[in-house]
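Please keep the sequence and the model in view while reading.

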Amino acid sequence: MSARDEILGRIETIVPSRPAADIDAAYAAIDRPYLSRHHEDGILDLFAERVADYRAIVHRVAPQELPGAIAAALSARTGSYVLAGGLPAEWVAEVDPARLVTGVPVAELDGVAGVITGCAVAIAETGTIVLDHGQGQGSRALTLVPDHHLVVITADQVAPDVPEALGRLTPTLPLTFISGPSATSDIELSRVEGVHGPRTLEVFLSA
């Protein structure tokens, strides 16, 4: 038995693993006597304002305008873009197919210009985008390594507040919360973007 197996065995005796169904049931049974939303009107406007405040580029587009908007955004840049698996083909129907790639190994992600994904939920109150890395969202590495992240959000995916957003998510999935492009500051408060993730976050709010 390796040291790793021994340590994991000890943990198992303290906190036994449970089937995912049991975890989901326990999570659903938690009493939540608080308001699930504090906003009723102007949800999309609030989200667009908050996410732009984080220095994201925000496009408000009608569904039929989305393919052209994505194509225009890519025409201003060079390099190839990775499509998350399961992304609707019509979203990128006007993009030159030669610029789109899929199935890029993690070790080669640093060589692409950016990534195009959807999302699981967006939160208007905080301007946050949440990925659960399901259909059309790709792996966590896919959305952290490339320098430019284009994300499409449909109107029905925008929750007004954090409690309602969390209620739409599955806690056992790997969740990534994105509030603007990656940024950090040193002790002198000099802001540096792109250290821990994409330097540029471009949001297409389709409604």
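The model is a predicted one. The protein contains 5 helices and 12 strands, and its C-alpha atoms fill a box of roughly 55 × 45 × 45 Å along the principal axes. Of its 207 residues, 38% count as buried. Among contacts between residues at least 6 apart in sequence, 72% join residues at least 24 apart. The charged side chains comprise 14 positive and 27 negative ones, and the centres of these two sets lie 3 Å apart.

Helix α3 spans residues 43-53, and its buried residues are I43, L46, F47, A48 and V51. These buried residues pack against several strands, including β1 (57-61), β7 (148-154) and β12 (200-206). After the helix comes R55, which has a positive phi near 75 degrees.

Which salt bridges involve this helix or another one? The structure as a whole has 6 salt bridges. In one of them, the side chains of D45 and R60 meet at 3.1 Å, N to O. D45 belongs to helix α3 and R60 to strand β1, so this pair ties together parts 15 residues apart in sequence. A further salt bridge joins R50 and E125 at 3.7 Å, N to O. R50 lies in helix α3 and E125 in the loop between β5 and β6, 75 residues apart.

E164 and R168 also form a salt bridge, at 2.9 Å, N to O. Both residues lie in helix α5, 4 residues apart, and are therefore separated by about one helical turn. E164 is buried, with a relative accessible area of 14%, whereas R168 is partly exposed at 37%.

Definitions and conventions. Residues are numbered from 1 along each chain as its sequence is written. This is a predicted model: local features need pLDDT of at least 70, side-chain atom pairs count only at pLDDT 80 or more; totals for chains, interfaces and linings use all residues. Side-chain values use heavy atoms; hydrogens and water are left out. Helices (H or I, at least four residues) and strands (E, at least two) are DSSP runs, numbered from the N terminus. Buried means under 20% relative accessible area, exposed over 50%, partly exposed in between (1.4 Å probe, protein chains only). Contact means heavy atoms within 4.5 Å. Lys and Arg count as positive and Asp and Glu as negative; His and the chain ends are not counted. The place of a charge is taken as NZ of Lys, CZ of Arg, CG of Asp or CD of Glu. A salt bridge is a side-chain nitrogen of Lys or Arg within 4 Å of a carboxyl oxygen of Asp or Glu.
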